[in-house]
Amino acid sequence: MFKSEIKSKTYEDISILIKIDNHPYNYICDCGDASDLTVKEIQNTNAIFISHTHIDHFVNFDTILRHQIGIQRRVVICGPKGIAEHVQLKIKGYTWNLINEDAITYEIREILSENNILVYEIKPPYWELKKITKIQDNIIFKEKSFVVSAVILDHKIPSIAYKFVENDTVKIDISTTDFTGGKWIAALKEAFLTNAAHQEIIIRDKSYIAKELFHMLHVQKGDSLGIIMDHAANEPNHTKIKEHFYQCNKVYIESFYKNEDKEQAELNYHSYASISAQIMKLSEVVEAIPVHFSRRYKEDDVTTLIQEFETALVSNE
Ligand SMILES: [Zn+2]
Ligand SMILES: [Zn+2]
């Protein structure tokens, strides 16, 4: 299960923190100014996902860097074409003569095009970008219990939308069977996952064929969470969103403008309340949350914008 939290206050730039059940690390999506993000949360972060490097999404990277120096771990940074150089240029704005080489290593995964990721490594004190490998996939990040895939949206520049998907898990309700727990459960689940239907399973010294016991298992679908930042409200973007985020459990989606400022949205390659909600509805997203509102909006405007989003989400049009 993913636990996500917006760490920026309403009038700050956007930053979202993701935690995962039974997983020791945090994940940061976009580095907008976020006063609710704590030093501990930053230090415990394993990867940072950047949609694009407009200043409102990248300004707080300096603070994150400040708190991560000295954690002596590898931290992954994912982002669009150019992200490696942008990270390097930010870092090189400071002086590093007192920092050891092992203070931190950043691994930067740069999405050059769909299914084409170039991976760099950069570390103190010289912070030279070293190419280490290529990934030919849209899976940009993988952990034991979940994966993150990326899709490129158009915001006049590439803007990356990310989807976190937890692995499905195999469950057993032992109380509905005639057996008691034991090591055989793990063996049975393993046989199920690896399609080893004829595997021998021993329960209390008695031998069974795995497939005879498969009926006791059921698959629990993994959680899914989408982060869709700045994007133009156009057909190619909407097609990609519908495909990539179809039936996601929860999605944060940029809704920068109110409906009446639709022309501004078109001009600035942004989205607006009702169209962001409509695309979430068409994508059959279970919970859709509008985020990242124009800074010129007062409290009343933001309330209206959220209402417009909610109205479009439940309308039958
Ligand atoms: Zn932007
Ligand atoms: Zn923005």
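This report describes the strand pairing and helix packing of a predicted model.

## Basis of the description

The model is predicted, with local features requiring pLDDT of at least 70 and side-chain atom pairs counting only at pLDDT 80 or more, while totals for chains, interfaces and linings use all residues. Residues are numbered from 1 along each chain as its sequence is written, and chains are lettered from A and ligands numbered from 1 in the order in which they are written.

Helices (H or I, at least four residues) and strands (E, at least two) are DSSP runs, numbered from the N terminus. Two strands pair if DSSP finds at least two bridges between them.

## The eight-stranded sheet

Eight strands form an open sheet in the order β1-β2-β3-β4-β5-β6-β7-β8, with mixed pairing. Its edges are β1 (2–6) and β8 (130–135), each of which pairs on one side only. From one strand to the next the twist averages 20°.

Strands β6 and β7 run antiparallel and are joined by seven bridges. Their hairpin has two residues between the strands, and N115 there takes a positive phi near 60°. E121 of β7 is the bridge partner of E107; E121 also stands opposite K130 in β8. The pairing of β7 with β8 is antiparallel and comprises five bridges.

Helix α4 (residues 83–91) lies across β5 (74–80), β6 (105–113) and β7 (116–122), and runs at about 145° to β6.

Strand β9 (residues 139–142) is joined to β10 (residues 146–154) by three bridges, the two running antiparallel. These strands form a hairpin with three residues between them, and I139 stands opposite S149 in β10.

On β10, nine bridges make an antiparallel pairing with β11 (residues 158–166), in which S159 is the bridge partner of L153. The hairpin of β10 and β11 has three residues between the strands, with K156 at a positive phi near 75°.

## Packing of α9 and α10

The axes of α9 (residues 273–282) and α10 (residues 299–314) come within 8 Å and cross at roughly 35°. Axes are lines fitted to C-alpha atoms, for helices over the stretch in contact, and angles run from 0 to 180 degrees between N-to-C directions. The crossing is right-handed, that is, the near helix is turned clockwise from the far one by less than a right angle.

Contacts (C-beta atoms, placed from the backbone, within 7 Å) involve A273, S274, S276, A277, Q278, M280 and K281 of α9, together with L305, E308, F309, A312 and L313 of α10.

Definitions and conventions
Two residues are in contact if their C-beta atoms, placed from the backbone, lie within 7 Å.
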